[in-house]
Amino acid sequence: IASHIFHHVPDHLALAILDELKRVLQSHGQILIFEPYADKGWRDPLMKLLELFDLGNWFRTTGELLRIFRARFTVLRHYRVKEGIATHQVFLLQNV
């Protein structure tokens with residue numbers, strides 16, 4: 001599980017993290033990734049607050065995250081999940 005790390009790093013570091021995850025995962029191994037839901041035009045109140053105070057400078061839309069994840073893994077599934085007043089994106093990736 002990787003929880004809320006990718007909005008803290010630029011694309012080149014996100015890809016480096018994915019490279020390391022790919023290296024340590026067995027063939028067809030899976031990883032679950034949680035990130036804040038940050039699609040433009042849609043923000044819940046907690047997301048607005050998180051963007052103001054969170055040290056992450058790289059909040060990405062679902063499409064942007066899918067582009068990065070697909071560069072290294074097969075995306076088996078992605079969906080949104082509500083936790084209290086916050087909405088997160090969940091991605092299930094598989095090493096090939």
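Is Asp19 buried, exposed or partly exposed? Asp19 is partly exposed, with a relative accessible area of 37%; buried means under 20%, exposed over 50%, and partly exposed in between, using a 1.4 Å probe and protein chains only. This is a predicted model, in which local features need pLDDT of at least 70 and side-chain atom pairs count only at pLDDT 80 or more, while totals for chains, interfaces and linings use all residues. Residues are numbered from 1 along each chain as its sequence is written, and side-chain values use heavy atoms, leaving out hydrogens and water.

**Helix packing**

- Two packed helices are described by the angle between their axes and the distance between the axes.
- Helix α1 covers residues 11-24 and helix α3 covers residues 62-70. Helices are DSSP runs (H or I, at least four residues) and strands likewise (E, at least two), numbered from the N terminus.
- α1 and α3 pack at about 45 degrees, with axes 9 Å apart. The axes are lines fitted to C-alpha atoms, for helices over the stretch in contact, and angles run from 0 to 180 degrees between N-to-C directions.
- The two helices are therefore oblique to each other. Under 35 degrees counts as roughly parallel, over 145 as roughly antiparallel, 65 to 115 as roughly perpendicular, and the rest as oblique.
- α1 passes α3 in a right-handed crossing. Right-handed means that the near helix is turned clockwise from the far one by less than a right angle; anticlockwise is left-handed.
- On α1, the contact uses Asp11, Ala14, Leu15 and Leu18; on α3, Arg67, Ile68 and Phe69. Contact means heavy atoms within 4.5 Å.
- These contact residues divide into 5 nonpolar, no polar and 2 charged. Nonpolar covers Ala, Val, Leu, Ile, Met, Phe, Trp, Tyr, Cys and Pro; charged covers Asp, Glu, Lys and Arg; the others, Gly among them, are polar.

**Salt bridges**

- Side chains of opposite charge can pair when their charged atoms come close.
- The structure holds 4 salt bridges. Each is a side-chain nitrogen of Lys or Arg within 4 Å of a carboxyl oxygen of Asp or Glu.
- Asp11 and Arg60 meet in one of them, at 2.9 Å from N to O. Asp11 sits in α1 and Arg60 in the loop between α2 (45-53) and α3, 49 residues apart.
- Asp11 is partly exposed at 30% relative accessible area. Arg60 is buried at 6%.
- Arg67 also meets Asp11, at 3.2 Å from N to O. This pair links α3 to α1 across 56 residues.
- Arg72 and Asp19 meet at 2.4 Å, N to O. Arg72 lies in the loop between α3 and β3 (74-83) and Asp19 in α1, so the pair ties together parts 53 residues apart in sequence.
- Arg72 is partly exposed, with a relative accessible area of 25%.

**Backbone: positive phi**

- Most residues other than glycine have a negative phi.
- His4 has a positive phi, near 55 degrees. His4 lies in the loop between β1 (2-3) and α1, and is partly exposed at 24% relative accessible area.
- His28 has a positive phi of about 70 degrees, although it is not a glycine. His28 is found in the loop between α1 and β2 (30-36), and counts as exposed at 51% relative accessibility.
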